[in-house]
Amino acid sequence: QGLVVASARNEPVGLAYEQAETEVALKRALQGLPTVVRPVKSRVMLPDSEGVLRAGVPTMFAVAPIKNAEGKVVAMLGLRIQPEQDFTRILRVASAGETGETYAFDREGLLLSSSRFEPQLRQIGLLTEEADSILNLSVRDPGVDLTSGERPARPRSEQPFTRMVTAAIDGPNGVDVEGYRDYRGVPVIGAWTWLADHDFGVATEIDVAEAFQPLYILRRVFFGMFALLGLAAAAIFVFTLMIARLNRQARQAAIESRQLGQYHLDQKLGEGGMGIVYRAHHALLHRPTAVKFLDADKTS
């Protein structure tokens, strides 16, 4: 029934945990399976992060079933865990880069692990100086980027859950690489899953600016190469025009001098759409020859 019958501390003995806090853990334990009770605010005095005893300190338990000789579950053995240390440390293994973060959350959208942005959250007013992010920060979309100094139009309690939280509660898992706002209002991409056996979700997110930075670099490199290719094409085009002009000048000089290599141009025979035909003779062979000059504007 969730009643504490023994404890390393005297205060919890005789207390019964609330149904919502232990429902999932009791169900799994009665099935003979170990489980984890998601972080909750302690009703007994516990030391906080600074060692001061006070109530409401985040706490959680790893729970294993205890069976009697007949194999029937008669109790649960719970090991108290400090969420801000052990639980958060495990999740932070999957926090990539400067803005990547992996965290847990419950059905009410409350953060169940420490945020890596706690100093920033205090600066923008989402946390007080004394409060930690565990069980005190709601994963809601403010509608604006709070880190840039913008102020939301609605109070925190009236703001909707982030797209990630809404999708995680409605379905088992998902991913969004298009981008959505996180609890700071910063555009992020993320993936998430809902752990039904433990009744909380886990998400991993990273700022869009950092996630797509390699793509932005690649895009700049591509545009740079495209610009260089354009310049090279323009240079080739100008070079081609210069060559054509030089060819025309060379042909015109040959016609004016009536000498083309070993051939001497004697008489113009005719002119058509593609060029001009001359009667000529070879300097050494002395035999008559027809020489046709193609129009340089109509050749490549």
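Predicted model: local features only at pLDDT ≥ 70, side-chain atom pairs only at ≥ 80, totals over all residues.
Residues are numbered from 1 along each chain as its sequence is written, and side-chain values use heavy atoms, without hydrogens and water. Local features need pLDDT of at least 70 and side-chain atom pairs count only at pLDDT 80 or more, while totals for chains, interfaces and linings use all residues.

The structure holds 11 of them, a salt bridge being a side-chain nitrogen of Lys or Arg within 4 Å of a carboxyl oxygen of Asp or Glu. One of them joins Asp 197 and Arg 28, at 3.4 Å from N to O. This pair links distant parts of the chain, 169 residues apart: Asp 197 sits in the loop between E8 and E9, and Arg 28 in helix H1 (residues 19-30). Helices (H or I, at least four residues) and strands (E, at least two) are DSSP runs, numbered from the N terminus. Asp 197 counts as partly exposed because its relative accessibility is 46%, whereas Arg 28, at 15%, counts as buried. Here buried means under 20% relative accessible area, exposed over 50%, and partly exposed in between (1.4 Å probe, protein chains only).

A second salt bridge connects Arg 184 with Asp 207, their closest N and O atoms being 2.9 Å apart. Again distant parts of the chain are linked, with Arg 184 in the loop between E7 and E8 and Asp 207 in strand E9, 23 residues apart. Arg 184 is buried at 3% relative accessibility, and Asp 207 is buried at 11%.

Within helix H3 (residues 118-123), Glu 118 and Arg 122 are 4 residues apart, so about one helical turn separates them. Their side chains meet in a salt bridge of 3.7 Å, N to O. Together with Asp 132, Glu 118 and Arg 122 are linked in a network of salt bridges.

In helix H2 (residues 83-92) lies Thr 88, which counts as buried because its relative accessibility is 2%. A polar atom of the Thr 88 side chain lies 2.9 Å from the backbone nitrogen of Ser 114.

Key. Polar contact = N/O pair within 3.5 Å; in protein donor to acceptor, adjacent residues only side chain to side chain.
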